[in-house]
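Could you take me on a tour of this structure, one selection at a time? I have it open in my viewer and would like to know what is at each stop.

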Amino acid sequence: LQTHVRDGELVARVGGEEFAWLMPETDERHACLAADRLRAVVESMPFDTVGTLTISAGAASSEPLCTGSELMRWADEALYCAKE
């Protein structure tokens, strides 16, 4: 994941197997496109012991007055929709 992050962006683990990818100045549509590119990269990588892996991603954009907690909740809801 770190190799696909641009300058000014941040990746952090937020749970056991969950990561946040903060993309300032990126709208939700372009964040979804970036996540889909990453999904394709992961899917194409060979993992000898487990075979093919995939990822699920959710995207959310911050509103001018939203809190960090609200943004994380929106992204988490989008992630669970993607998993379905």
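**Stop one: the cysteines**

Select Cys66: at 19% relative accessibility it counts as buried, where buried means under 20% relative accessible area, exposed over 50% and partly exposed in between (1.4 Å probe, protein chains only). Before moving on, note that this is a predicted model, where local features need pLDDT of at least 70, side-chain atom pairs count only at pLDDT 80 or more, and totals for chains, interfaces and linings use all residues. Residues are numbered from 1 along each chain as its sequence is written, and side-chain values use heavy atoms, with hydrogens and water left out.

Now select Cys32, which is partly exposed at a relative accessible area of 40%. A disulfide is a pair of cysteine sulfur atoms within 2.5 Å, and the count here is 0. Cys66 is in no disulfide either, as the nearest cysteine sulfur, in Cys32, is 16 Å away.

**Stop two: the core**

Next, pick Val5, Val11, Trp21, Met23, Ala31, Ala34, Leu38, Val42 and Ala59, the 9 residues of the largest nonpolar core. Such a core is a set of buried Ala, Val, Leu, Ile, Met, Phe, Trp, Tyr and Cys residues joined through side-chain atoms within 4.5 Å. Helix α1 (residues 28-44) gives the most to this core, 4 residues; helices are DSSP runs of H or I, at least four residues, and strands are runs of E, at least two, numbered from the N terminus.
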